[in-house]
Amino acid sequence: MQNVMEQPTTVPELMQFVQGTLQNMQEKFQSVEDSIVKRMNETGKKLDEIEKGLTDLMDHSGMGEPYEEESESEKDFSDADKGR
């Protein structure tokens with residue numbers, strides 16, 4: 001591959017330069033994407049651990065019932081709306 005400081009002077013050199021630049025950009029974007037996904041997954045795991053810890057604390061302290069996404073009455077209500 002040619003030196004980055006040299007300017008391409010022919011069409012094949014220009015094509016090679018553009019392809020190399022695009023390849024470098026793609027590799028950098030892929031690296032950044034991988035890093036972001038990894039951090040999001042780690043954060044998700046930490047949040048799950050925090051949620052479980054808080055739920056356990058609430059259960060042991062008698063402050064409430066374990067966390068549920070949707071109570072039975074809410075499910076019944078939302079199912080009734082679907083038929084409309």
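I shall go from the chain as a whole to one helix, and then to side chains on that helix.

Let me state at the outset that this is a predicted model. The chain contains 2 helices and 0 strands. Of its 84 residues, 2% count as buried. The accessible surface amounts to about 8000 Å², and carbon and sulfur atoms account for 58% of that surface.

I turn now to helix H1. This helix runs over residues 11–61, which gives 51 residues. What follows directly after the helix? Just after H1 comes Gly62, with a positive phi of about 80°.

Next, the charged side chains. How many salt bridges does the structure hold? The count is 1. The partners are Asp56 and Lys52, whose side chains meet at 3.0 Å, taken from N to O. Both residues belong to helix H1 and are 4 residues apart, about one turn of the helix. Are they buried or exposed? Asp56 has a relative accessible area of 29% and is therefore partly exposed, as that class lies between 20% and 50%. Lys52, at 53% relative accessibility, counts as exposed because the cut-off is over 50%.

Finally, the nonpolar surface. Leu14, Phe17, Val18, Leu22, Met25 and Phe29 make up a nonpolar patch there. Together these residues have about 560 Å² of accessible area. Phe29, one of the members, sits in helix H1. With a relative accessibility of 58%, Phe29 counts as exposed.

Thank you for your attention.

Notes:
Residues numbered from 1 in each chain as written. Predicted model: local features only at pLDDT ≥ 70, side-chain atom pairs only at ≥ 80, totals over all residues. Heavy atoms only, no water. Expected span 1.5 Å × (residues − 1). Salt bridge = Lys/Arg side-chain N within 4 Å of Asp/Glu carboxyl O. Buried < 20%, exposed > 50% of the residue type's maximum accessible area, 1.4 Å probe, protein only. Patch = residues over 30% accessible without salt bridge, like charges linked within 9 Å, V, L, I, M, F, W, Y side chains within 5 Å. Areas by Shrake-Rupley, 256 points an atom, 1.4 Å probe, with all protein chains shown as cover.
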